[in-house]
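Here's a quick walk through one protein chain. Have the structure open while you read.

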Amino acid sequence: MLDRIRSRFRRKPSGKTLSPDNIPQHVAIIMDGNGRWAKSRGLPRVAGHHSGMKAVKRITMAADRLGIKYLTLYAFSTENWKRPKSEVDFLMKLPQEFLAIELEELIANNVQVRMMGYKEELPPHTLQAVETAMERTAGNTGLVLNFALNYGSRKEMMDTVRQLCDEAAKGQLEPDKLTEADFESRLLSGGMPDPDLLIRTSGELRISNFMMWQLAYSELWFTEVYWPEFSEEHFLEAVSEYQRRARRYGGL
Ligand code: IPE
Ligand code: IPE
Ligand code: MG
């Protein structure tokens, strides 16, 4: 009985049972399962993407309340272009729609919007919405809401290698003296700390080309819950589990 009361208390979305001294600085989320969520309700896949936007808002606010500094959300991968054009077109309209509704509140909450990904292939309306949000929030000092949009880890690392080779060829750096920090600073995530916690929804147990360098020592947390149903309570459960982990980084 007591246990049941305790566990209910632990799951309360108040964050009260979390230790304030051990809040992850950077949480990254692979927001997966929109299509299956829609299918399970007899809806078209895009209805799942639309509903997923509400989860983005919900979790952004929850992260902000917890005092998390960086929230990286995998919104579209470099491989997602393989999907039917109608679905891709729909997904490319979402940043615009999301920001039209939420930008003022994000600004009011001191949130800084960033994008981590390749801008070149994005349709102009998508890019413009994201760039406007980035410009308008550039001076904000609260939560960094980092959208991984047209992001792929292999491309990111290959581009970094190319850039380093180019700098070496120009005599700007010596290959022998290359450090991990040199590599890291040229990644799209340059300047951000590595994710402390990675969450993936929908029951898939894979990384899907997401931040493969940066996740080297992240704590991984998976849930069967589809992204549109991912609640603040689930998020707090993930952070609570994170706080119970012992991070060793190869040491003792
Ligand atoms: C995640 O949901 C959103 C994107 C990848 C853009 P999915 O669209 O992958 O949904 P499932 O995995 O097919 O259910
Ligand atoms: C990963 O999900 C990409 C995003 C969440 C944006 P996918 O649904 O594309 O990944 P796979 O295909 O199941 O590995
Ligand atoms: Mg998926």
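## A residue to start with

Is Asn 150 buried or exposed? Asn 150 counts as buried, because its relative accessibility is 2%, and the cut-off for that label is under 20%. Keep in mind that this is a predicted model.

Asn 150 sits in strand E4, which covers residues 144-151. Its backbone is worth a look too: Asn 150 has a positive phi of about 55°, even though it isn't a glycine. Tyr 249 is another non-glycine with a positive phi, this one of about 50°. You'll find Tyr 249 in the segment after H8.

## The overall build

Zooming out, the protein chain has 8 helices and 6 strands. Going along the sequence, they come in the order α-β-α-α-β-α-β-α-β-α-α-β-β-α. The radius of gyration is 19 Å, close to the 18 Å that the globule rule gives for 252 residues, so the chain is as compact as a globular protein of that length. Along the principal axes, the C-alpha atoms fill a box of roughly 70 × 50 × 35 Å.

How much of the protein chain is buried? Buried residues make up 46% of the 252 residues. If you take the contacts with a separation of 6 or more, 78% of them are between residues 24 or more positions apart.

## Surface and charge

The accessible surface of the protein chain comes to about 13300 Å². Carbon and sulfur atoms account for 52% of that surface.

As for charge, there are 35 positive and 34 negative side chains. The centres of those two sets lie 7 Å apart.

Take Arg 45 and Glu 87, which form a salt bridge with their closest N and O atoms 2.9 Å apart. This pair links distant parts of the chain: Arg 45 is in helix H3 and Glu 87 in helix H4 (residues 85-108), 42 residues apart.

Glu 102 is buried, with a relative accessible area of 11%. Elsewhere, salt bridges that share partners join Asp 196, Glu 219, Glu 241, Arg 244, Arg 245 and Arg 247 into one network.

Now look at Arg 41, which forms a salt bridge with Glu 229; the closest N and O atoms are 2.9 Å apart. Arg 41 is in the loop between helix H2 (34-40) and helix H3 (45-66), and Glu 229 is in the loop between strand E6 (219-222) and helix H8 (232-244), so the pair ties together parts that are 188 residues apart in sequence.

Arg 41 counts as partly exposed, with 42% relative accessibility. Glu 229 counts as partly exposed at 37%.

Methods: Residues are numbered from 1 along each chain as its sequence is written. Chains are lettered from A and ligands numbered from 1 in the order in which they are written. This is a predicted model: local features need pLDDT of at least 70, side-chain atom pairs count only at pLDDT 80 or more; totals for chains, interfaces and linings use all residues. Side-chain values use heavy atoms; hydrogens and water are left out. A salt bridge is a side-chain nitrogen of Lys or Arg within 4 Å of a carboxyl oxygen of Asp or Glu. Helices (H or I, at least four residues) and strands (E, at least two) are DSSP runs, numbered from the N terminus. Buried means under 20% relative accessible area, exposed over 50%, partly exposed in between (1.4 Å probe, protein chains only). The radius of gyration is taken over C-alpha atoms; the globule rule is 2.2 Å times the number of residues to the power 0.38. Contact means heavy atoms within 4.5 Å. Accessible areas come from the Shrake-Rupley method with a 1.4 Å probe; for residues, only the protein chains shown count as cover. Lys and Arg count as positive and Asp and Glu as negative; His and the chain ends are not counted. The place of a charge is taken as NZ of Lys, CZ of Arg, CG of Asp or CD of Glu.
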